[in-house]
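Welcome! Here is a short tour of a protein model, from charged pairs to nonpolar cores. Take a look at the structure, then read on.

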Amino acid sequence: MGPLKGIKVIDMTTVLMGPYATQMLGDCGADVIKVESLDGDVTRLIGPMRHAGMGPVFLNTNRSKRSICLDLKKPAGREAVLRLLKDADVLVYNVRPQAMARLQLGYDVVSEVNPRLVYAGVFGFGQNGPYAAKPAYDDLIQGATALPALMAQTGDGVPRYVPNALVDRIVGLTAVGAICASLVHRDRTGRGQRVDIPMFETMAGFVMGDHMGGLTYEPPLDKGGYARHLSRDRRPYKTSDGYLSVIVYNDKQWENFFKATRRDDLRADPKFSTFAGRAANIDLVYAELARIFETRTTAEWIDLLTKADVPVMPMHDLASILHDEHLEATGFFPVVTHPTEGPIRSMKVTATWSETEAEPVRLAPRLNEHGAEILREIGYSHEEIAAMVRDGVTRAAPE
């Protein structure tokens, strides 16, 4: 039933960061009610798709949820949300706090309705700095936390964003931890609280944790940066017929590598034989590895290095990873049948529990699929729901 069974989460988030976090809460057993605008989460429109409003980004970040749409700018829509919050455990939102205040749904208001509520905001910036009211997106935060500069340093000199919504997902993961910690505090004290999870500060810590280097000290010992990560030859290695991911890291692995490749000359070279020597000459070390790996096929290297207990993995692309032998054996990409979208490829919950195993409880909902059901649960009559549809506060149930 999942470790969060019995926890009710009101999800007022859109796009990726917030929905990714609330999907994890739902996968863990929480009852997640996704409150959407009358037009729905914008990721519903990102294709390709079989039916309007059910694109793959939405499908893959909004399972284990129920959907209701409400116009929160109308008093009746706001009243419905406040009713939802009366017995909720968590509210998650990802607009700026100033926008929540304009909707009269700030923490000062909501905590009066439900003092036990964990009121969690995932947004751009901490609220005690000059960027507090600025909008934020994944690309902006990547740039502001030096990722494109690092990409330029290790590549062709042109700054580029990481081709993944890295910030949204890392901040979403951070939010899950913060929310669960707040629930523990609430269960100990009986009091909820406001918790802010800012994108900028979260990612600044994430990136600089690796790259602070000599900037850790006052005065600085160097210009920062983790040399191994910044080596231009730290990349998948080209073999005679493809590419391969290999890391020879500790002394034992290097000794095994020397034996497997019969490179006694490298074993005798202090630049290769000790951790300190390799760290001080990392560019030379990686360049030599690159030359070595071009001498055999990918299959030959995987066999040789696996037998030598040297860490090695295939370099997948988006198609081949679907057929990775380990992911196939663990059933990571199950094909499931969505009620309206037919067969779709899903992804398993990655963590496992010995007592409270978690798995998706439902697939991503159509817009307002559960609207009437949710409104009935908080006391609205059939006539009141019909009036809300007529007045444009919500929509009619989807066909």
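Let's begin with a pair of charged side chains: Glu79 and Arg83 meet in a salt bridge, with 3.6 Å from N to O. A salt bridge here is a side-chain nitrogen of Lys or Arg within 4 Å of a carboxyl oxygen of Asp or Glu. Both residues lie in helix 3 (residues 75–85), four residues apart, which is about one turn of the helix. Helices (H or I, at least four residues) and strands (E, at least two) are DSSP runs, numbered from the N terminus.

Before going further, a word on the model: it is predicted, so local features need pLDDT of at least 70 and side-chain atom pairs count only at pLDDT 80 or more, while totals for chains, interfaces and linings use all residues. Residues are numbered from 1 along each chain as its sequence is written, and side-chain values use heavy atoms, leaving out hydrogens and water.

The structure holds 23 salt bridges, and three of them are tabulated here with relative accessibility. Buried means under 20% relative accessible area, exposed over 50%, and partly exposed in between (1.4 Å probe, protein chains only).

| Pair | N to O distance | Accessibility |
|---|---|---|
| Glu79 and Arg83 | 3.6 Å | Glu79 35%, Arg83 24% |
| Asp251 and Arg278 | 2.8 Å | Asp251 45%, Arg278 5% |
| Arg366 and Glu369 | 3.8 Å | Arg366 23%, Glu369 30% |

Salt bridges that share partners also join Asp31, Arg66, Glu373 and Glu377 into one network.

Asp251 and Arg278 pair up, and this pair links distant parts of the chain: Asp251 is in helix 11 (residues 251–261) and Arg278 in helix 14 (residues 275–280), 27 residues apart. Arg278 counts as buried because its relative accessibility is 5%, whereas Asp251 is partly exposed.

Now for the nonpolar side chains. Which residues touch the most other members of the largest nonpolar core? They are Val9, Val90, Val171 and Met203, out of 32 residues. A nonpolar core is a set of buried Ala, Val, Leu, Ile, Met, Phe, Trp, Tyr and Cys residues joined through side-chain atoms within 4.5 Å. Several elements each supply at least two residues, among them helix 1 (17–27), strand 4 (90–93) and helix 8 (166–189). Helix 8 gives the most, with seven residues.

Leaving aside neighbours within four places in sequence, Val90 is in contact (heavy atoms within 4.5 Å) with residues including Val9, Leu117 and Ile179. A second, separate core has 28 residues, including Met12 and Leu375.
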